[in-house]
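Here is a note for a colleague who is opening this structure for the first time. Please read the numbered points with the model in view.

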Amino acid sequence: MIVSPALAGEVPLYQPAPDWIETFDIESVLAAKESSNDLIVAVDRQVKMEDGQTWQYADVILRGGSSETLAQIGRLQGMWNPELGDFIVHNVQIIRNGESIDPLADGKTFDILRREAGLEKLQINGVLTAFLQLEGLQIGDLVRLRASTTIRDPAMGGHMQLVEPLLAEPIRLQFGRFKLIWPKADNVRWQVAGKDAESKISTKGAYKNLIIEQPLPKQQESVPGAPLRYVINPMIEATSFEDWAAVSRTAARLYNIEGLIAEGSALAKEADIIAGQTSDPKERTAAALQLVQDKVRYLFNGLGGGNYTPQSPDKTWTLRYGDCKAKTLLLLALLDRLGIEAQPAMVHTTLADALSERLPTLAAFDHIIARATIDGRVYWLDGTRSGDRLADLADTPAFRYALPLETGGADLETIELMPMQRPLAQITLSIDASAGIGFPAPYALTIVSRGPVVEQMSAVKNSVSSTEYEELLDGFITQYAGDKASITDREALFDEASGTVSVTGRGLMTSSWANEHNRRTYSIDNYLDNTEVLSNRTKAEWQAIPYAMHYPGYYVRKLQIVLPNEGEGFELVGQADVAGTIAGYEQLRKSEIVEGKLSVNEFWRTAMWELPADMVTAERAKLMKIQSEKLRVKAPELYPPAWLETKTAVENNKLEPIIAAYKADIALHPDDSRPYENFARFYQGTYQYAKAAEQLSFALKQEENPETYVWLASLYHITGDKRAIEAAHKALELDPASLAAISAIAEIYAKRNQTDKALQFLATVENNGVDEDAIASVKAEVMMLEGKYGEALAIVDKLLAKKPNDPEYLNLRCWNKGRANVQLDTALKDCTKAIQLAESSSAILDSRALVFFRLGQFDDAMSDLNTALDFNPNLAPSLYLRGMTYSRLGEQSKSASDISAAKYMMPKIVDDYAFLGLVP
């Protein structure tokens, strides 16, 4: 905030401000807004461009309105490049109660620090930092720094340039000004970007003066999906370059390749090796590019005029490092020796289409590449990339515009978008769901990637431990397999010849099959459905603005799922096959079910830089139509319910491959609780409760926690294991405030006809920090299990008196009345109100169904049970009650099926309902 980062000398100079600088009256500024407590009081920036030098002056005043802001303003600093100019301190002040204190009065000076802030980005720029730590600051003080930097860059051939951001609301300040000064005889061009940015230009003596008041008005909101030229950041640009051709000519002087590779030199030998391998110009170009990319590491060096001036190819090859300038000059020299026509071309890595809106300056670019011409076709070659091979030569860089450097000058060149030849990632995913759709399925995944990810993964592999590297691979795999996928095997193979890395993974993944009109349905994730729908711009002024496409983008995926029962009765729904350019992207999808296997092959590739505004409506409609007909696979209409599928799979040993995968996960991570817990979930999901409990006991040997002990207690209770109470007590030891543990202990006692113990236990934990209402609801359940229905309902009445619209308590009262077979008319009202208030209603529907059943309204009970089971087909209590309802309605075969299912899923359910006096 004190001084914007700037290029400027070995030690700061301490000099008065030059006469051309016009200072403002601080007293008038403060008097205008005496009550202001804004951090920024004033920002006055003045720039003079003359005789090849740019002089940047800043006068900044900040207010220490609090202890926090004092810490921000107490350290003054300026940054500069000593090779290009000076950092000049004019004045430092602390203003306190109208009095001025000079921190430099006793000969104190700024300290100097060489700090390579960009070193982690492989950048050495030689910039120095001068800093002054202010002492004795008090709340209410103003800190003022007036300083300048000067810039004269020999690489610019006497030209000058300026790119300066402007402040805009909601930034607040009492005085703000930007002023640009240049000789009226000079041809300095300028432009201001920003909404409602007002500028005044005048002539004063031999100079032109441009003044902009700051802050500018609040800028326009960003347009959704717009190309960058519509994203206007407030700024001022000025340049002495008359056009882009002048910039091209000036920079071209730095890239004369004549005689850069000496005969007999190491570089000459490298070029001759390539020439001896092939006479094909494209193959030679690819080999030279690979040499520069793979054998020379990237490091930006701004020392010795290196901001614009490249180091020699011989030095680059000797050092084996260089920045984009050095790598490009090396590549150009190699191509020249190999007989390939090429020239340097400057680009900007992030401005994209906005570059064409900028004034011609060297500052408009931050990168340089090579522009090669082979058989009349242009190839853009970037030596700082990695992994490019012959097939990738024609790939289009993402820069949109380039400025070729020619001694005669050249204009900005539009970069034509050409289709990428190799995908950035090719994904092959095979899933074996032959055991059934309700189980985790073994999968095999391969991702073949190219581009920066290859270098990144290789660098990480060589710099971290094997455990950390495996964690990296696991994270990479789960991007494609899903966060919940387990990984039992992983590997990464690097292929230097193709410039790719192939990551493979194996394990188990869960596929979520939903109910759709009484049929199990699985939605297939695919590129078309994940393509972003072009936002519907509501403002009229936005309607004529095109949409920017994501680039680079080229991905291929092959999905194969082995279906149960050899795929019999399974069918695809939605658009199985799609081909064409949709919403700016080439999209291809081919789907089929053949020989019991579902196959989906697809690719997604950027087709254009941007989608014209007049195509947006039609393309949005086209994409939304495809996405509304989502691709999915439907199971047969008579596909067995989950319980029967599980029972059949267990009896026929169809789950062995899945069990083997869980065991492999455990073998890889024997000291981790996670794989044991995952195995327990699988066994519990397949109603093998004793085996689930066994896996949980193994998990607890690795890591004890109260939640797992409560889970183990519930499994022990289901299987009748007497260790249930012990496990629940262990959970409570670890977390005395665990409501789940308290509830488990009390209910286990009560279900063992030890109600007194349950109540005594609850009395001992009332002061454990657990919510008293939660304890009360547990006590109500104990009363219900003892048959003291009146006392139980009285407790719930008190809870509802506090929270009359709590759906949980309303359902509890309805459920308890249904179980007790009392007050059934008001029970219906409670359940109906709870359904209206709750986010999820399946459990409440089950409660109301019980009340209807008690009333003999079997059709109403059936309706609620069917709805509850539509939400969750595996609700054993709802299935059991529906079985009894079918029995009352005379449909005995359906009754037997539901009751058999419920008993398989929950063996104790017969006893639970018999306790209520309900039998099939």
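1. In this predicted model, R605 lies over the face of Y554, at 4.8 Å from the ring centre.

2. A search of the whole structure gives 24 aromatic pairs, and one of them joins F87 to F110 in an edge-to-face arrangement, with 6.2 Å centre to centre and 85 degrees between the planes. This pair links distant parts of the chain, because F87 belongs to strand 5 (residues 87-96), whereas F110 sits in the loop between strand 6 (99-101) and strand 7 (111-114), 23 residues apart. Both F87 and F110 are buried.

3. Y554 lies in strand 32 (residues 554-562) and F603 in strand 36 (residues 597-606), so the pair ties together parts of the chain that are 49 residues apart in sequence. Are these two residues buried or exposed? Y554 counts as buried because its relative accessibility is 11%, and F603, at 18% relative accessibility, counts as buried too, the cut-off being under 20%.

4. Aromatic residues also come together in a cluster, in which ring pairs link W513, Y522, F570 and Y639.

5. Turning to the sheet, five strands form an open sheet in the order 22-21-20-23-24, with antiparallel pairing. Its edge strands are strand 22 (377-381) and strand 24 (413-414), each of which pairs on one side only. Strand 23 (residues 401-404) runs antiparallel to strand 24 and is joined to it by two bridges; the bridge partner of A402 in strand 24 is E413.

6. Which helices pack on this sheet, and which strands do they touch? Helix 3 (residues 244-252) packs on the sheet and touches strand 20 (341-347) and strand 23, its direction making about 55 degrees with that of strand 23. Helix 7 (residues 324-337) also packs on the sheet, where it touches strand 20, strand 21 (367-374) and strand 22, and its direction makes about 20 degrees with that of strand 21.

Note on methods: Residues are numbered from 1 along each chain as its sequence is written. This is a predicted model: local features need pLDDT of at least 70, side-chain atom pairs count only at pLDDT 80 or more; totals for chains, interfaces and linings use all residues. Side-chain values use heavy atoms; hydrogens and water are left out. Two strands pair if DSSP finds at least two bridges between them. Helices (H or I, at least four residues) and strands (E, at least two) are DSSP runs, numbered from the N terminus. Contact means heavy atoms within 4.5 Å. Axes are lines fitted to C-alpha atoms, for helices over the stretch in contact, and angles run from 0 to 180 degrees between N-to-C directions. Rings of Phe, Tyr and Trp (its six-membered ring) pair if their centres lie within 6.5 Å; planes under 30 degrees apart count as stacked, over 60 as edge-to-face and the rest as tilted. Buried means under 20% relative accessible area, exposed over 50%, partly exposed in between (1.4 Å probe, protein chains only). A charge sits over a ring if NZ of Lys or CZ of Arg is within 6 Å of the ring centre and within 35 degrees of the ring normal.
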